[in-house]
2 protein chains.
Amino acid sequence: MKIFIIGGHGTIGRKVAAHFQPHHEVVIGGRTQGDVLLDMTDSASIEQALASVGPLDAILCIAGEAKWDDFDQLSEEDFYLGLRSKLMGQVNVVRLGRKYLNSGGSITLSTGILADDPVLKTTSAAMVNGALHSFVKAVDLEVENGIRVNVVSLGLVEDAYEKYRDYFPGHNPVPMAKAVNAYVRSVEGKGRGHVIRQYE
Amino acid sequence: MKIFIIGGHGTIGRKVAAHFQPHHEVVIGGRTQGDVLLDMTDSASIEQALASVGPLDAILCIAGEAKWDDFDQLSEEDFYLGLRSKLMGQVNVVRLGRKYLNSGGSITLSTGILADDPVLKTTSAAMVNGALHSFVKAVDLEVENGIRVNVVSLGLVEDAYEKYRDYFPGHNPVPMAKAVNAYVRSVEGKGRGHVIRQYE
């Protein structure tokens, strides 16, 4: 398979990329590093990246940002940072990515546990994640050519645990092998329209 | 109680308003009709409306739009219509509404069954609804002064059934009395951070 991993140099992305690289052709996309550079907030940039690497068998998007802060500190514009990047960036990966996928290909998006079980400072991040869970269910009713769209929703992963554990009291770290497996299930399984939750 | 119902002249809003009017002071907000006019896509307009009617004991928002169309017909801008109106409009009602609520007051937002069980043409609408479900859970961790925030998620209501039934094959209409009760539960119950689902 030819697999495009947007965010393939990130904490999770690099482990996912390392899994697929031995047996597949993996192209890494990223904002500042990778085989192809792209800006998740800019649909023209996303399309340019896809056009330069397609046709593809799988697109994985493990990228996009949302601002964390106390609700009473978040401005309206702060909320739009998450809407433009992690939400519409990923919606645009589906909107535009379909055209560069071979028949039967897959698109895998990324969210996280906050959609279901938020913590302090995550009104924006939780909202974006929840949006994508419902989006994936809705888009599954309409995508054609056997294309599958899923989303992986992880808990706090082991490799980010020390940095973020204080924000997630009582959460159990997700072993990186389990995090990688959630993406493998999406890409190599046949499920579609699924929210693949791996929360510990 | 003094209750501000944004969208109080709509299909659902008028029944909710009629329920509360005999025993409470109800102020109706709307885009084109009502005691106070406001534009859900404009936070300044929302704040102006709130300032003109506050202090309040309850704010109900049964307003906001998202574009329905086939996924391959929805432009990026079409998605932003829903993000600006039904999503950020309601987030702004919470962000700004808190300041005009008495201690122990409540805010009730509105979504719909599409978040959990979408139908064709609803990639944008489902996404907005799902976003609000997660937002309400996250904001509940942070709101102060005993303020409660809930969201009512209804199925296709009886009064809209004939007009929209073809979009919802096999869905059972929600009797208007049950729809109204979902809002009553939010306003007069003590639950908080709840997604109050009434799907039939």
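Predicted model: local features only at pLDDT ≥ 70, side-chain atom pairs only at ≥ 80, totals over all residues.
Is B:E77 buried, partly exposed or exposed?

Residues are numbered from 1 along each chain as its sequence is written, chains are lettered from A and ligands numbered from 1 in the order in which they are written, and side-chain values use heavy atoms, with hydrogens and water left out.

Next, the interface. In chain A, 38 residues are in contact with 38 residues of chain B, contact meaning heavy atoms within 4.5 Å. Of the interface residues of chain A, 100% are also interface residues in chain B, so the copies meet through the same surface. Between them the two chains bury about 3200 Å², with 65% of it on carbon and sulfur atoms; buried area here is the accessible area, taken with a 1.4 Å probe, that two parts lose on being put together, summed over both. A:F71, A:E76 and A:E142 supply 21% of the area that chain A buries against chain B, which is more than any other three residues.

As for polar pairing across this interface, there are 12 residue pairs in polar contact, both residues being at pLDDT 80 or more. A polar contact is a pair of N or O atoms within 3.5 Å; within protein, one must be able to donate a hydrogen and the other to accept it, and residues adjacent in sequence count only if both atoms are side-chain atoms. Between chain A and chain B the count is 0 salt bridges, a salt bridge being a side-chain nitrogen of Lys or Arg within 4 Å of a carboxyl oxygen of Asp or Glu.

Over all chains, by contrast, that rule gives 20 salt bridges. One of them joins A:E47 and A:K99, with the closest N and O atoms 2.9 Å apart. A:E47 lies in helix α2 (residues 43-53) and A:K99 in the loop between α3 and β5 (101-110) of chain A, so this pair ties together parts 52 residues apart in sequence; helices (H or I, at least four residues) and strands (E, at least two) are DSSP runs, numbered from the N terminus.

Now back to the opening question. B:E77 is partly exposed, with a relative accessible area of 42%, on a scale where buried means under 20%, exposed over 50% and partly exposed in between, with a 1.4 Å probe and protein chains only. The side chain of B:E77 meets that of B:R84 in a salt bridge of 2.3 Å, N to O, and B:R84 is partly exposed at 29%.

Finally, B:R197 forms a salt bridge with B:D116, the closest N and O atoms being 2.7 Å apart.
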